[in-house]
Amino acid sequence: MDVIVQAFSASNLIFLGKGLLITIWLAIVSIAVSFVFGSLLAIFRYSKTLVLAQLAFVYTEIVRNLPLILILYFAFFGLPEFGLQLSIFWKMAIGLIIFEISQLAEIVRGGLNSIEKGQIEAARSTGMTYRQTLFHIIIPQAFKRMIPALVSQFITIVKDTSYTAMFGLMDVLNAAQIIWNQQFSFIFPIIILVAVLYFVINFTLSSLSLRIEKKLG
C-alpha cells in the first residue's frame with residue numbers, strides 16, 4: 001500500500017499529467033491532419049481524374065504496407081537530412097500523419113465505394129454535375145457509414161502515439177518509464193494508471209462515436 005501511495009505522489013501525477021497532455025495534443029494533430037489529407041486522397045482515387053487517382057493509389061499502397069515504426073525512424077532521422085530542423089514533437093507528428101493518411105484514405109474510399117451506383121446515376125440524370133453529386137449525395141451518406149471505422153482508426157492513432165516514447169518524446173508512456181526507472185517498485189501501479197488513462201481516452205471516443213451514429217441514424 002505504501003508503494004502505491006508513493007507511486008501516486010503529487011509530483012509523479014503532475015509529471016504524468018504533462019505527458020498525457022502531449023499525448024492528447026499529438027493525437028489531435030495527427031487525427032485532424034491525416035483525416036483531411038486522407039479524405040482528399042480517397043476522393044482523388046474515387047474521381048475520374050486518372051493522374052490524381054494514380055498518384056493517390058501509389059502513395060496509399062506504398063505507405064500502407066510499411067510498418068509505422070519505420071516511418072517514425074524516417075521522420076526522426078530523415079527529415080533533418082532534407083534541411084527540416086524540427087522539434088521531436090513535430091518529427092513524430094509528421095511521421096504519424098504520413099502513415100495514418102494512407103490508413104484513413106482506404107477507410108474513406110471504402111465508404112465512397114459503398115454508395116450504390118444507382119443513386120449517382122439518378123443524381124446525374126436530374127442535371128447535377130459530378131462535383132455536386134459527390135459533395136451533396138455521395139459524401140454525406142458515405143460519412144455515416146464510415147463513422148465506426150473512422151473512430152476505430154482514431155483510437156488506433158491514440159495508441160500509436162505510444163511508439164514515440166522510443167524516440168524521446170515526453171508523452172505519457174515516456175513519463176511513466178522515467179518514474180518507474182527511478183523506483184522500480186512503482187512499475188506495476190504506474191502501468192495500471194497509464195492503462196486506465198488510455199482506456200478513458202479511447203472509451204470516450206467510442207462513446208462519442210455511438211452518440212453521433214444515433215444522432216445521424
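Residues are numbered from 1 along each chain as its sequence is written, and side-chain values use heavy atoms, with hydrogens and water left out. Because the model is predicted, local features need pLDDT of at least 70 and side-chain atom pairs count only at pLDDT 80 or more, while totals for chains, interfaces and linings use all residues.

**Overall view**

Display the whole protein as a cartoon. It contains nine helices and zero strands; helices (H or I, at least four residues) and strands (E, at least two) are DSSP runs numbered from the N terminus. The C-alpha trace spans about 75 × 45 × 20 Å along its principal axes. Of the 217 residues, 39% are buried, where buried means under 20% relative accessible area, exposed over 50% and partly exposed in between (1.4 Å probe, protein chains only). Among contacts (heavy atoms within 4.5 Å) between residues at least 6 apart in sequence, 76% join residues at least 24 apart.

Select Ser39, in helix H2 (residues 10–46). Ser39 is buried, at 16% relative accessible area. Leaving aside neighbours within four places in sequence, Ser39 is in contact with Ser34 and Val108.

Next, select Arg45 and Glu106. Their side chains meet in a salt bridge (2.8 Å, N to O), defined as a side-chain nitrogen of Lys or Arg within 4 Å of a carboxyl oxygen of Asp or Glu. Arg45 lies in helix H2 and Glu106 in helix H5, so the pair ties together parts 61 residues apart in sequence. Both Arg45 and Glu106 are buried.

Arg109 is partly exposed at 22% relative accessibility, whereas Glu106 is buried at 18%.

Move to Arg145 and Glu116, whose salt bridge has its closest N and O atoms 3.6 Å apart. The pair links distant parts of the chain: Arg145 is in helix H7 (residues 130–160), and Glu116 is in the loop between H5 and helix H6 (117–125), 29 residues apart. Arg145 is partly exposed at 40%, as is Glu116 at 39%.

**A buried charge**

Select Glu100 in helix H5 (residues 88–113). Glu100 is buried yet has no salt bridge, and the nearest side chain of opposite charge, Lys159, is 11 Å away; Lys and Arg count as positive and Asp and Glu as negative, while His and the chain ends are not counted. Beyond four places in sequence, Glu100 touches Ser34, Gln153, Ile157 and Asp160.

**Aromatic residues**

Finally, select Tyr73, Phe76, Phe77 and Phe167, which form one aromatic cluster. Rings of Phe, Tyr and Trp (its six-membered ring) pair if their centres lie within 6.5 Å; planes under 30 degrees apart count as stacked, over 60 as edge-to-face and the rest as tilted. The whole structure has eight aromatic pairs. Tyr73 and Phe77 form a stacked pair, 6.1 Å centre to centre with 10 degrees between the planes. They are four residues apart in helix H4 (residues 68–78), so about one helical turn separates them.
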